[in-house]
Amino acid sequence: MMRIDKYLAEMGQGTRSEIKKLIRSGRVMVDGETVKKPELKIDETTQKVSLEGKQIGYTKKEYYMLYKPAGVISATKDDRDKTVLDLITDKKRNDLFPVGRLDKDTEGLLLITNDGELAHRLLSPAHHVDKQYYALVEGELPADAVSQMEQGVTLEDGTVTRPARLELLPEKEGEFTKTLLTIHEGKFHQVKRMFEALGCKVVFLKRLSMGNLVLDPELETGAYRPLTEGELTNLRIMTGMED
């Protein structure tokens, strides 16, 4: 059972104080009957709620795959810049957040959800969730770059990264080297700093996958879609939430 004002607030229909005013003014109905008490408890799984004639269904958890574009920040809100949540235009809940972060100038896969347990497991170093990036690199990579990444590199602040897997793609783009880098952690600017430790600079960065969740090639930059049941199940199995 849930209070009607909490129900509507979780579904993004306003602040609790705004919703209380709407309820007291008779604009909310439950099972076809007008209610005027914000503290009224309802069964969110069976009862039908409408606000000003529009039915508001209840969704406990939401999961979206977003192709984050460059120029958008990985935050829930910001006074200056557009955030990744601003791109999810038909979200039902008001408590969504990005799982981890991508730098403002980095694009690619980002999971948006309100499932705190799944997010924690995906980001926890204990679960060793792979994150693969496509990186376009400027400068000459050392001949032993692959083995250096495999051993872990020392960043400028003295931090030693966990072992990573570097693949050099055969074709070049002008003077730039195309690479795939798979890491198991998510330190600040980590991919860029790892290549800097090898004497190179990342000029373009895109995240391709997170564990077994792979960026949908059909998604255009800035677009998103709900996760499929299969994708969600695979994530839950991978992180030990399901057998």
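## About the model

What you're looking at is a predicted model, where local features need pLDDT of at least 70, side-chain atom pairs count only at pLDDT 80 or more, and totals for chains, interfaces and linings use all residues. Residues are numbered from 1 along each chain as its sequence is written, and side-chain values use heavy atoms, leaving out hydrogens and water.

Helices (H or I, at least four residues) and strands (E, at least two) are DSSP runs, numbered from the N terminus.

## The two pockets

A pocket is an open set of points on a 1 Å grid over the protein atoms alone, where a 1.4 Å probe fits and protein lies on both sides within 12 Å along at least five of seven lines; lining residues have an atom within 4 Å of a point. A volume is the space filled by probe spheres set on the points. The largest pocket holds about 300 Å³ of space. It has 19 lining residues, and R101, Y133, G186, K187 and H189 are the closest to its centre. At least two lining residues each come from β10 (131-138), α5 (190-197) and β13 (201-210), with α5 giving the largest share, 3 residues.

For the next counts, Ala, Val, Leu, Ile, Met, Phe, Trp, Tyr, Cys and Pro are nonpolar, Asp, Glu, Lys and Arg are charged, and the others, Gly among them, are polar. The lining of the largest pocket has 7 nonpolar, 5 polar and 7 charged residues. The second largest pocket holds about 160 Å³, and its lining has 2 nonpolar, 3 polar and 4 charged residues. Among the residues that line it are G12, T76, K91 and D95.

In helix α2 (residues 16-24), the buried residues are I19, L22 and I23. They sit on the same side of α2 because they cover an arc of only 100 degrees around the axis, judged by the directions from the helix axis to the C-beta atoms.

On the face turned away from that buried side, you'll find the exposed residues K21 and R24. The cover over the buried residues includes α1 (4-10), β2 (28-30), β3 (33-35) and β5 (49-51). After α2 comes G26, with a positive phi near 80 degrees.

## Strand β7, wrapped up

Strand β7 (residues 63-68) is largely enclosed by the rest of the structure, because 6 of its 6 residues are buried. Y63, M65 and Y67 lie on one side, and Y64, L66 and K68 on the other.

Two strands pair if DSSP finds at least two bridges between them. β7 runs antiparallel to β9 (residues 107-113), with 6 bridges, and Y63 has T113 as its bridge partner. β7 is also antiparallel to β15 (residues 224-226), through 3 bridges; there, L66 stands opposite Y224.

## A hairpin and a loop residue

β11 (residues 165-173) and β12 (residues 176-183) are antiparallel and joined by 6 bridges. They form a hairpin with 2 residues between them, and G174 in the turn has a positive phi of about 65 degrees. E167 is the bridge partner of L180.

Leaving aside residues up to four places away in sequence, T161 touches G152, V153, L155, E185, Q190 and M194, where contact means heavy atoms within 4.5 Å.

Conventions: Buried < 20%, exposed > 50% of the residue type's maximum accessible area, 1.4 Å probe, protein only.
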